[in-house]
Amino acid sequence: MTASSQGGAVVTRPTETAPPPAGRPPFSRRLAAGLAFDKIGAVYVWIAIIIVFSIWVPETFPTIDTAKQILNSNAITGLAALAITIPLAARVFDLSFAYVMTLTGVAVAKFVIGGMPLGLAVLVGAGIGIGIGLINAFVVVFAKIDSFIGTLATGSLILALITMITNDTPISDVALTGGFADIGQTDINGITLPVIYFALAALVIWYLLEHTATGRRLYATGFNPDASRLAGVRVDKLRFVSLVISGGIAGATGIVLASTLGSGSPTAGTPYLLPAFAAVFLGATQLKNGRFNAGGTIIAVLLLGTGTTGLALAAAPTWSQSMFVGIVLIAALAVTGLQRRTAVASRGSGVHGGGVSGTDQPGVSTSTNLADED
Amino acid sequence: MHTTLDRLRLLLIAAVAAVALVGAGCGSDDDGGGGAAALADESAAAELTQEFSTRPTEITQSKPIESEIPSGKNITFISCGVEACAVQGPILKEAASKLGWNVTEVGTDGSPEKVQGAFDAAIRDGADAVIVNAADKDVLAKQLNDAKAAGVEFATCCSVGEQGSDFLFNIATPEQNAPIGEMLAAKVIEDSGGDANSVYVNVSAFAILAAVGETFNQKYAELCPDCETDTLEIPLTALGKDVPDRIVSYLRSHPDVNYVVLSEAGSTTPGLTAAIRAAGLADKVKIVGQGGNEAVYQEVKQGTILAVVPSALYSYDYGMVDALARKFAGAPVEETPPEFWLMTQENAPESLDGPAFPIVEDYEAQWSELWGK
Amino acid sequence: MSESGAPTGVVAAPQRGPNGFALRVSGLSKTFGATRALQDVSIDVRPGEIHALVGQNGSGKSTLIKALAGYHHPDAGAAELDGEPFDIGVEVPDGLRFVHQDLGLVLELSAQDNLALHGGFAKGFGGRVLWREQEQTTHELLRRFDVDIDIHQPLAAATPVERTVVAIAAALQGWHGGSGLLVLDEPTAVLPHDEVERLFAVVHEVRKAGTAVLYVSHRMDEIFEIADRVTILRGGRLVATKDVAQLDPRALAGLMVGEDVDPDYRAPVAAKPDAPIVLETRSIAGKWLRGIDLRVYEGEILGIAGLAGAGVLELPYVITGHAPRGDRVTGELRLPKESDEWRDVGDLKDVNIPLVPSDRQREGVIFEFAVSENLSLSILGRFGRRGKLAHRQEERAVEEWTRRLEIKTETPGSLISTLSGGNQQKVVVARCLATEPDILVLCEPTAGVDIGTRVAIYDLIARLSREGLTVIVSSSDEGDLLAMCTRIVVLRNGTVAQELDGDGLTQQALVSAIEGGD
């Protein structure tokens, strides 16, 4: 481009001009990319399942009531999954959330029975969730214990607390049938309140992860904490806050759960541990190519919920539900992973070997790059 | 779709209907009221329900212990960790203290290794007797043998096994529990006016309730031959997770069902009434069941659950202590069934403090009398 | 002199050794979709030869290596190893060994385990590992290459050159000389300059044993030191294969780039007289550093040079506040333009001195992020208010920086892994510059960057310096330092040993200062 002289020797720079960076590709191409298998493969699986069940049980499945039933019976799982999505974005595992759910449920039940006004009891309960989140955060960030093990350990402590409070018996009383039950059991036209909470939480978390600087920094922290630190991201603070948030959401969810059960059950939260993680991981493969995200989590929760409800409506044998979950997880992950691997390989093939990086997978085709929507 | 099979079925039904109509016309002089109602034995159902709804006033054990009951005995209660076991600890302690006995409660998570380990430890530590509820005699075979050899007594409730050969004492055996099924059947038929269509929700993992299902079906068919009933199996792994969803799905795919019969109410009710209400089925379906806990009893008082046969935990625990007392006193130990009561909104007690309440109100006095304490 | 485009074929030279070639590839072609990565490329390596393979990014060099290694299935081409034909891209004959850029080692495992990973364990009855025998074999292998390390310590504790040699030993296991080909792909990319000699000694050993070596590298001085012949690729085609003795660096660079390029480029920046001090340090000590007192003047480009272990890499991290948390670092620093107060180097959280790290993969680039996301990470707070991320503003900022630094990417939303190493480096630099700092610190700025982009980076730094930025460059590449810096500080044993500037800034002076000669 330019020639400059220094002490007589003419120096030229290589002529490879940088083309001006392309603007966004046209909408139609973005749409096609957005609908590609590697973005929403699980949605296609979901549609397939809906079709199958509509044919299998035509009288009961393809109705609004079924849709409401699916939403109602998966709202809590959805909330639990959303709770752990945020720390997972920063690659922090919170394995204590299920026990936090149980703890706040039994605690608030006890408070309400003891006469505390409902509003105060709920606040204190949520505060307990946040408190546990703080403990987790200290263990993981300050004591520098691996989050997987650390939160497993705190979970065990919480379990002990639960047994202390409840002596392993559900806490039940007529006092829990009033306003307390309304939190989780009120329904609007067949849709219970937890579904609304789920939708709201999803919206907030989507916004946080997609449209705030903090969300971007969370992802950066998760993907490469060293590089993030050098770029000025407060990695430790983010990981700390993420655990406090998950504790808080799990705590709130636990109160809702106890309300739907109408009692403070010492085993309320445990069944949600695996389904929530399954949903979040499955959700990470959707929409955002490996990033934990709210939309993907919703799709995953509803996909799995549709199948289990459909099977129940079809009076399928009792073992079929667990089998379904396993098969769907593998299928959805395989479909998405397969497609994505080829796409990524074609985008970053040996042509642009990239000095120190570059993918190792054989290139299939060099497709024109479709901008990843944020 | 009209396959040959369908056509055959239609033919068969038509034939039977024809015969029935002819038979009805020729035979009985009953009023020809609509279908099933005519064939149901409503009066019998009502009578039975009345009988079962009367709260028992006497404990099922009536023989006093003549000989001296030694005091200072140590009993180890190995708790299975779930609520049903946890609740029994204090009751056992209360019963034992009357005799001047000591009860040590050992908590476990219910897994075979932990229970076996606790049992071994109890024998080693010199317990006079061991109580394990819902004991699996095969899992504990070695421990039971060791106990026998060491002279340690064993009493249990809610287990599958023979009293005498397998255990010293077993209360709430499958056979003893059988009347529960009859009570539930009677209530359903009576309440429905002979127009019942029920689903029996069974958790087959709870083996001791198998007989309940059988007697339910028998009595049900006896009282109302035309009333339909079906069974919905719930796997153990679904408990606490998606039981309400499964039941609601069943109800939606079987819209004629108007009664849900829970073989084990305590584990299957959490979230159930809320889910049924949200699905808009609350006015259509009523719930009865066996067992239960504080939450279930509350719902009975509220009327959201029609009727429940509560677990007679007080009679289990006092019965076990009583059997041990007889054994230590040298008196014969006999089978003693628990008390049964069909509890509804009308006859539910005013105060239901705590997860368990005694079926017989003055049980303490009665037991004390038998024991001479 | 300079050739453009048309392949000129092999220059005849007296053949050594037995007849035939160690490796012969002819007519290799590979197209990826719309891109022709290789077009009719032929290369041959004589037995016992050290043959260099050079070319910029996009030249097809990596595709060729990957085809040999069996990763890519070429569209056309034939190959022979020691005269035996083999199906290139499908099978990898036993005599063809590779040491790839990432070395293929597991750093948490010991040298013994790593070698066993490649070559298997000595096994006895029932699959039991015979540890003593295994140890002996390991020692023998490493002795061949004159490496003396504790074979039971995790390789993470070994020095980079030791690791490279272990990787070479691993690759050559089970092979006893006499023929075959060892492919070394950028083996010195992670080696500080003083350790490169060690590596060359090993390469000579390999050649002496009869194996030919295909040596892929960016660094021209190495090629001239070690290679017999060199093959140049450009744009997917073979440009030429020449005897190294017949070339000089400038000619070689010209062949690679396609036009005249001065490898002894000096960025046109004059040291500014009487500039104020912008950064000052006092008694900085740490793992390697033993008391550094430094003064950095405004507008200068200060180089930090020295051997490995002198603290050359530790210093940049310390003064930017990013010293590893485990290391105990002491010392003081002040920024006179902001305040006269001395602050402890452990407490530099709010200081804006961005650092371009030496290990781009691990610390520079976030691979899962797009180019734009990488770039904007340091200034996210500027887009939108109250935490909201205004995407349009972000796009505009990214666009601007992409233009300013001439970053070559298909779209700003492409994954950063699609960029060449040089352009990735530009993204990292852009991210640092976006915070509008007064001082910028770079570590090994041209590691893994091809010569074309390297010059672009020199020019960029020079331009920024003219615009008022103060730059500190730490590098083990003398070429970098001489090309960029107005003043160089040479560290030895953790302290400042010598300072070079003005006319004293010559290659000889620099090299001797680093080595410690007088």
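In chain B, Ala129(B) lies opposite Glu153(B), a residue of β4(B). The model described here is a predicted one. Ala129(B) belongs to strand β3 (residues 129–132) of chain B, where Ala129(B) and Ile131(B) point one way while Val130(B) and Val132(B) point the other way. These four residues are all buried.

Strand β3(B) has pairing partners in β4 and β1 of chain B. With strand β4 (residues 153–157) of chain B, β3(B) runs parallel, and three bridges join the two. With strand β1 (residues 74–79) of chain B, β3(B) also pairs in the parallel sense, over four bridges. In that pairing, Phe77(B) stands opposite Ile131(B).

The domain assignment divides chain B into domain 1 (38–59 + 174–310 + 339–373) and domain 2 (74–172 + 312–336). The C-alpha centres of domain 1 and domain 2 of chain B are 28 Å apart. In their contact, domain 1 of chain B takes part with 20 residues and domain 2 of chain B with 17 residues.

On the side of domain 1 of chain B that touches domain 2 of chain B, the elements giving two or more residues are α7 (174–192) and α14 (363–371) of chain B. Helix α14(B) gives the most to this side, with four residues. By class, this side of domain 1 of chain B has 13 nonpolar, five polar and two charged residues.

## Where chain A meets chain B

Between chains A and B, 33 residues of chain A are in contact with 33 residues of chain B. The elements that supply two or more residues to the chain A side are α3 (64–89), α11 (235–261) and α13 of chain A. The residues of this side divide into nine nonpolar, 20 polar and four charged.

Helix α13 (residues 294–313) of chain A has 20 residues. From its first C-alpha to its last, α13(A) reaches 28 Å, close to the 28 Å expected at 1.5 Å a residue. Because 19 of its 20 residues are buried, α13(A) is largely enclosed by the rest of the structure. Just after α13(A), Ala315(A) takes a positive phi of about 55°.

## An exposed residue in chain C

Gln136(C) is located in helix α3 (residues 131–144) of chain C. Gln136(C) counts as exposed because it has 12 C-beta neighbours inside 10 Å. Gln112(C) is 24 residues away from Gln136(C) along the chain, and their C-alpha atoms are separated by 9.8 Å.

Note on methods
Residues numbered from 1 in each chain as written. Chains lettered and ligands numbered in written order. Predicted model: local features only at pLDDT ≥ 70, side-chain atom pairs only at ≥ 80, totals over all residues. Domains from an automatic or database assignment. Contact = placed C-beta atoms within 7 Å. Nonpolar A, V, L, I, M, F, W, Y, C, P; charged D, E, K, R; others polar. Expected span 1.5 Å × (residues − 1). Pairing = 2+ DSSP bridges.
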